[in-house]
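Here are some notes for a colleague who is opening this structure for the first time. Please read them with the structure in view.

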Amino acid sequence: MIKAVISGTGLYTPPAYIDNEELVDAFNAYVERFNRDHAEEIERGECEALLPSAPEFIEKASGIKRRHVIDKDGILDPERMCPRIPERANDEPNVQCDMSVVAARQALEQAGRNADDVDAVIVACSNMQRPYPAISIEVQAALGIDGFAYDVNVACSSATFGLQAAANAVENGTANAVLVISPEICSGHLNFRDRDSHFIFGDACTAILVEREDRVADGQGFDILGTRLKTQFSNNIRNNFGFLNRGAEEGIGKPDKLFIQQGRKVFKEVSPLVAETIQGHLASLELEPEDLRRMWLHQANLNMNQLIARRVLGRDATIEEAPVILDEYANTSSAGSIIAFHLHRDDLVSGDLGVICSFGAGYSIGSVVIRKR
């Protein structure tokens, strides 16, 4: 039986970043202006006054200290409060393509491969810049890869769902090597005027190369021991923006066309579901939680990750067992767990076991158990 191996990873980090203090200054300037401009409605009870934010509130609620973004100035402009990403001509590569190429080339270099060695490209992320042509096919062309490509969207679990698809393609002989790329521009769908969520997301792009094991040198990469996917419908995380919006003019520009969530419900419902999924996945592979050397969890919320790790292990996890990149990157949707894996794996030795796990809107959960070769 052909087995799949993760042979290389790559990461593109936008150079611009926003720390909590900068973000709060911009948000509070907006709040002050809003309350001043709507003072009479607020006084009559027709409108609620907005509350200011604070860096301490953000870090306590999420563990986030700063986030990298595609555009900083537009987000910090109280008159605009969203990134400025100019349109490009149809014959120019789009922003997600540019991000993907950088991350993909890094993954190929790490694996000692080039474009000729790759048979397929899967672009897996929470939001595509356009419906078609598929972003993946544009990335495939930009990299000079022959074969096939397609897009995957399962919100924050897109990368792990893409990993399973890549592993399946390798194991059934459809491809010898597959790139899974996650160009997440989360700042584009975030409502920077919402106190409860304006701090959550950042931008980044990851890439993973999955190959058949007989092409990868002994001691290089990670064996994929198994994947497990789970979905359960929920409205608690939602974004209603889409091509049908123009058919209902009354909804255009409303808050639900950006990211919205009921955070407390998500925390209570998703955390146990994720822990149960990981435990069940390990059991199916005849593994125990104590066999895990590392858990690369979806980087959405520090408290959530700590709770999930505690439920899986039966005790508090150390920072080495469940590394955190939230403080630097914030929530980068499906890229988060892959960033953690990319940055926190070099100390593992042959035989060490770990799990890459993402979870989010849907609900969707993807678990990938791997072993250092």
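1. The model is a predicted one. The points should be read as a description of that predicted model.

2. How many salt bridges does the structure hold? The count is 20. The next points take up some of them.

3. Glutamate 79 and arginine 33 form a salt bridge, and their closest N and O atoms are 3.6 Å apart. Glutamate 79 sits in the loop between helix 4 (73-76) and helix 5 (95-111), while arginine 33 belongs to helix 1 (residues 20-37), so this pair ties together parts that lie 46 residues apart in sequence. Is glutamate 79 buried or exposed? With a relative accessible area of 57%, glutamate 79 is exposed, because the cut-off for exposed is over 50%.

4. A salt bridge also links glutamate 46 with arginine 44, with 2.9 Å between the closest N and O atoms. Glutamate 46 has a relative accessible area of 54% and is therefore exposed.

5. Arginine 315 and glutamate 321 bring their side chains together in a salt bridge, at 2.6 Å from N to O. Arginine 315 has 40% relative accessibility and counts as partly exposed. Glutamate 321 is at 16% and counts as buried.

6. How do helix 1 and helix 3 (residues 55-62) cross? Their axes come within 9 Å, and the crossing angle is roughly 120°. The two helices are therefore oblique to each other. The cut-off matters here, because angles of 65 to 115 degrees would count as roughly perpendicular and those over 145 as roughly antiparallel. The crossing of helix 1 past helix 3 is right-handed.

7. Which residues make the contact between these two helices? From helix 1 come Asn20, Glu21 and Val24, and these meet Pro55, Ile58 and Glu59 of helix 3. By type, the residues of this contact are three nonpolar, one polar and two charged.

8. Where is a cis peptide bond found next to a proline? Tyrosine 132 is joined to proline 133 by a cis bond, with omega near -5°. Proline 133 is placed in the loop between strand 4 (120-124) and helix 6 (135-143).

9. The peptide bond between glycine 362 and tyrosine 363 is also cis, with an omega of about -10°. Tyrosine 363 lies in the loop between strand 12 (353-360) and strand 13 (364-372).

10. Methionine 81 is not a glycine, yet its phi is positive, at about 60°. This residue lies in the loop between helix 4 and helix 5, the loop that also holds glutamate 79. Methionine 81 counts as buried at 4% relative accessibility, whereas glutamate 79 is exposed.

11. Alanine 155 is likewise not a glycine and has a positive phi, of about 55°. Its place is in the loop between strand 5 (148-152) and helix 7 (158-171). Is alanine 155 buried or exposed? At 16% relative accessibility, alanine 155 counts as buried, because buried means under 20%.

How values were computed: Residues are numbered from 1 along each chain as its sequence is written. This is a predicted model: local features need pLDDT of at least 70, side-chain atom pairs count only at pLDDT 80 or more; totals for chains, interfaces and linings use all residues. Side-chain values use heavy atoms; hydrogens and water are left out. A salt bridge is a side-chain nitrogen of Lys or Arg within 4 Å of a carboxyl oxygen of Asp or Glu. Helices (H or I, at least four residues) and strands (E, at least two) are DSSP runs, numbered from the N terminus. Buried means under 20% relative accessible area, exposed over 50%, partly exposed in between (1.4 Å probe, protein chains only). Axes are lines fitted to C-alpha atoms, for helices over the stretch in contact, and angles run from 0 to 180 degrees between N-to-C directions. Angles under 35 degrees count as roughly parallel, over 145 as roughly antiparallel, 65 to 115 as roughly perpendicular and the rest as oblique. A crossing is left-handed if the near helix is turned anticlockwise from the far one by less than a right angle, and right-handed if clockwise. Contact means heavy atoms within 4.5 Å. Ala, Val, Leu, Ile, Met, Phe, Trp, Tyr, Cys and Pro count as nonpolar, Asp, Glu, Lys and Arg as charged, and the others, Gly among them, as polar.
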